[in-house]
Each structure stands twice: as C-alpha cells, then as structure tokens.
Amino acid sequence: MNKRNFIRGILYAALTLLALICLIPFAMMIINSTRSNTEIVRGFTLIPGKSLIENYKNMMYHMDVSDGVFKGIWLGYKNSFIIAISVTILSGYFSALTAYGFYAYDFKGKKVLFILILIMMMIPSQLGLLGFYELNKALKTLDSYIPLIVPSIATPFTVFFMRQYLVSTMHPALLEAARIDGANEFSIFHKIVLPIMLPAIATMSIFTFIGAWNNYLIPLTIIVSPHKYPLPVLMGYLKGGKVSENLGSMYLAISMSVAPIIIAFMFLSKYIISSISAGSVKE
Amino acid sequence: MKIKKYLGILLSTVLVTTSLVGCGPKKTSENKEKLEVDKTKVLRVWSFTDELKEPLKYFEEKYGIKTELTIVPTENYASKLQPVLDSGVGAPDVFTAEIAWVKQWIDLPYWENLSGEPYNADKWADDYVPYVYNIGKDMNGNVKALSWQATPGGFIYKRWIARKVWGNDDPAFVAQKLSSMENFMKAAEELKQAGYKILPDEGAIRWFAKGSDPKPWVNEKNELQLTQAQIDFMDYQKKLRDNEYTALAPEWSPAWFASMQGQIPINAGWEKDVNKVKGNKTEVFGYVMPTWGLHYVIKPNAKETAGDWGLTSGPSPYFWGGTWIGIYSGSKNKGAAWEFVKMMTHDEEFLNWWYKKTGDLLSYKPVTEKVKDTAKDEFLKGQNHYQFFLKEAEKINPNIVTKYDQGIDTIWGNVVKEYIEGKKTKDAAINEFYKQVKNAYPEIKTPLDK
C-alpha cells in the first residue's frame, strides 16, 4: 500500500512539474502585460506590475486605426472574427459535404482524387504564396477578405479527418433506410449525416478557427488597407516603436488576442474528447 | 498580301510605341509637369517605425490633407513592400527605407527621381549633411530619397567611473584616452584594474573597424574586400575577450540593458533574470552607440543616473542606421506626397518643431546651424551633443555603403565570434567567411575564386 502511494506521489510530482512547464509561458505573458517596458527588460518576476492601464493606453495609441465604429485592437477583433468565423463555417460545411461524397458514393477516379487530397495535405500553404498573390492580382481580389475566406472551402486535412470519422461511425444501412423512405440525397446529408458528424465538425472547427485567427502571413501579403487588418497583422503597429519599446503593450495585445481561442476551446472541448474516443469501440 | 499588311501595321505600332516610350522620361523634364496637390485624396505612407506619426499629424493640420500611416514590422517590411511596389496594387504614395534597404531599392524603379522636374532636389545638395544626401543617390547620381536625420555614432560613457578611475570626466580627456585602438586597450586595462569593464561585449567595436579603414565590402569590380583593419580588429576583439575587458553581455540582451542601470554579473548572457546569475559583479563603462542609441536606448534605461553621462568619440568615426524617405514612382498623388517629403526634409518651421520635440540630430543644415551652439543635453551633464554629432557626421564617407552590407556584416560578425571563442583559427575563420559570402551572393568575387 505504501509503495503504491509512493509511486503515486512521484507521478503527481512529475505531472505537476509538466503542468507548470506548460503554464509558465502563459503566466509570464499575462504578468508581463501588467509591467512596464523597463521592468520587462530587466528580468521576470511573478509579481504583477502596475502598468496595465498604461500599457492599454499605449497600445491604443500605437494601433491608431479606425473604420469609423471600431478602434485599435477592437477593430482587429472585429476583422479577425469576421474572417475566422466565416472560414470556420465554410470549411466545416463544405468539408463535411466532400467527406460524405467520398464515403457514400462510388464514382470514377474516387481513389485518385482521395490520394490527391492526401498529397495536398503534405504541401505547406506558404509555398504557394507567390502564386497566390499573382492569382489574386489577376482576379483583382487583393486587399479584400475573399482570398482569406473563400479558399477555406477546400481544406484537405479536414476532409480527410471527416471521411475517416464517417468510415468508423456511420453505418451504410442508415443511408439505405433514408433512401427507402424517399428522402433525396441532400436532405439525407442535412438531416441524417450532418448531425452524426457534428463531433467531427466541432473538433475540426476548433483547429480551423485557431488557424484562421492566428493566420499572419497571408493577410500580411494580401491586405493593404490598415482598417482591414486582422489582429495579428495589426499588432505589427506595436513593433514600429523605437528600439525594444512597447514590450508591455505587446504582451497585453497578445494576451488579449489569445482570449477568444481559449473561450472557443472551452465551448467545444467536450466534443473533442468525445470524438477522439469515437470509433474506438466497434460492435 | 493580307499578312504583309498586318505585319506593316504591327511594325509601325511597335515603332510608334517604342518612340513614345523613349520620349517618356524626357517629356517630364522638358514640359515641366505640374504637380497638383489634391486635397480630397488620402496620402498613404508606409514605414517600419512609428516615427512619422507625429509629423503626419502636423502635416494634416498644416495642409488639410488626410493621411494614412501603415506600419509594417521591420522583419516583414521588405517582403511586404516589394510585391506591392512591383504590382502597384494598394501601393503607398510615400515610403521609407532604412539604411539596409536603401541601396537595394535605389537602383530599382520604386522611388520617383527627385533630381528631375518638378522636384529639383539637386538644388538642395548644400543644405544637407553630405553623407546623408549622398546615400540617397542612385548609381546615375540622381536623388531618389532624402532624410531628415543623420545618425553618426560616438562613445557614450558613465562620467562617475571616469572620475573614479582617471580623476577626470571631461569628454575631450576621455576622447584622448580612446583615440586609437592601442590607447583603447590601455584604457581598458586601467578600467579593469579598477574593477570596471570598458564595454558590454567585444562585438561593440565592430563599428570602429569599419571607420578606421573606410572601404566598401564590395568594390566596383564586384570583388569582396576584406580590409587589413577588419582583420586587425579580429585580434582586438580577441584581446578584449581574452583579457576580460568586457562584461560578456551581448547587445540587446537583458543583461546589456541592465548594465546601463547598474552593476551586472559577468557573463549573464541572455539569462532572463540577471540577478540570478552568480559570479562577480561588475559595471560597464561605456557603449558604442549612435544618435538614436543615446535617445532611445540609453536614456530610458538609465533614468537613475541621468545627468552623469558623457559623449565622446572613439578611435574612429562611424554611423549606424538612418531612415530615408521618397515618393513611390507609380503614385497617383505625387503632389501631396512631395509636399510631405518636402516638409519632412526641407521645411525649417517643421524641422525646428521636430528638433524641439525630439532633440534628434537633423541633417538639414539651416536648422542645425542655428541650434548647434545652444543645444545641450541634461542627460549628458549639459554637454552639447549636437555639435559633437555634427562634427562626427562630417567625417563620414558615404561611399562605403553597399547593398550587401547587412548580409555581409552578419556573416562577418559570426565568423569573428567563432574565432574569438577559439572554435576556429584565424585563417579558417576568414576562409569560412569567403565561403559563406560566396554562398549568399554568388555574383561577388571572393579570393577563393582565384
């Protein structure tokens, strides 16, 4: 009995240590956002500083961009929300549709197409950046949200994940039953398949949302007008200060920008856990 | 028959268009194209710092033209700006460049030629500190970018240490102490005996290496030039390290910043919390920093000792950094753009206001002439920093700036570091330097090619 407790003690100690290692960067970020620039430069302490309001004012002063209604970081929030939510919805719906197509129908070239999707997954999107820029120049869609939102209709990894999910959870008999009852193909998808896929969609939505929220490179190259900047690009305004200035404001802006992600995670995390274990048991 | 006819038409159109294109640039200089200031258009300015924020507000009030400033972080600036300038979509009317990019962009058709009509910036040649004006010229001698500032460097030191060690804190006296590298080493030894370190890290003297034999990294024949001075400075750096003359606090590290305020442990390096590092504490005597280093780096980090600092010259003059400004050649709002560039670089009223606000060293002589006799900096115990920096600025040779500087400086810094840390012999380090330069810039001829 004692031995067991001993082992357990060691395990807990190790786990606490790991948790600390994971949490300390976050703690540093949040604490540093309340400290002034010189304090940050001189080293780190766990005691919060008194410069939070000053940092906020300084941040708003530097992010001096407005579209008439929203200002500074709030404008960044608005733009990022528009982009991230549209991307999440489009990517979730259309990926589910594609995945269902791959699962339910047999057609010519199905295997080849699926392999193509797998190959697409392996190519980092940064590689196509130059061509992407040229394409948008030709389409005259530079400096708009179209290049940021519309391409998310085709998200190879999400399609792959959802197809695997369908294969493991969905029984073909369900579809046959619906067909016999006279449902057309679209209402089968909307009324039967989509609800079943919901955990998978939620899981992927978190990743898509985080990806779209944190996307820096593509908006940086595509968007030109400051009032259209999403949050990460807008934060660049803080780096325009003199040598190593604005550190406190930068920490504050980063802390603020992470908040929506944490909230999104809290709402959707129960789906993640249920979908990770989904399909692990088969009758 | 028909084909021939079409061919004829095609040929004539080609001829006409080429002759028109040929006329293009001439036309602007002959017909005195008038610049119209359109007050309804928004003037769009791109920069990598927020320095232009206040001037743009001033401009809005004075001219009644709305402006929009876009700040792109330094590390993304070039990669964001270049495609925009190439395609012209969403391009700014005015954009700035720091010294690292000026030479790369000046020979490309990005900036409007300010030597031509209706700008005639050539007339202003005598109004500026020479090196600043000359760096803004392209290979044909046309002015494409101007600057409102000059950024010569100096040696910024702590007066109380000078008093304690030598009994004299006068800038002229300290300048004498540091007048050559031999004297510099002697001074370093004296400081060490008294328990101080002359510099935070040995890399700081790299600027003197360039200044003591001012030659560009790459000459007209596209050959890499490694001067004897640079090689000598490898040894000076090693000597600084081996004799423990420095505090081993790398530039921009927390320890480096902390050393301005007070004592730091030796070799704190990039440690986050400098107080945690055990070891003997020491104090750094001085910093090799230019104009902006004084105002924006040292002053905010040495608030408690303000008023007891000094500014003097090191073994050789140098300059570090600087921002140039010009008009985008494809801008549709050149009138307002020119008004802004003019205000920023050639408007006595504005520059006077700017000087009073920032105390920064201007490059526009009519203003500097007026203020240089009365200028003084409380931080430097009332020393006249303006006169000092202006004198240093006159000594600078602008012909040593090339578009490769940033890249080659970095490579050189790295190999020198390997040498002083004893990882490589001198010859091996130099060879490595040639190899890496060749790798990065295949067009440059290095001694390895022979």
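Biologist: In which sense do strand 3 and strand 10 of chain B pair?
Modeller: The model is predicted: local features need pLDDT of at least 70, side-chain atom pairs pLDDT 80 or more, while totals for chains, interfaces and linings use all residues. Residues are numbered from 1 along each chain as its sequence is written, with chains lettered from A and ligands numbered from 1 in written order. Strands are DSSP runs of E, at least two residues, numbered from the N terminus, and pairing takes at least two DSSP bridges. Strand 3 of chain B and strand 10 (residues 323–327) of chain B share five bridges, and the sense is antiparallel.

Biologist: Which residue of strand 3 of chain B is the bridge partner of Trp46(B)?
Modeller: Strand 1 (residues 43–47) of chain B runs parallel to strand 3 of chain B, joined by two bridges. The partner of Trp46(B) there is Phe95(B).

Biologist: How many residues of strand 3 of chain B are buried?
Modeller: Buried means 20 or more other C-beta atoms within 10 Å of a residue's own, placed from the backbone. Strand 3 spans residues 94–98 of chain B. Of its five residues, the buried ones number four.

Technical notes: A residue is buried if 20 or more other C-beta atoms lie within 10 Å of its own, exposed if 12 or fewer, and partly exposed in between; C-beta atoms are placed from the backbone.
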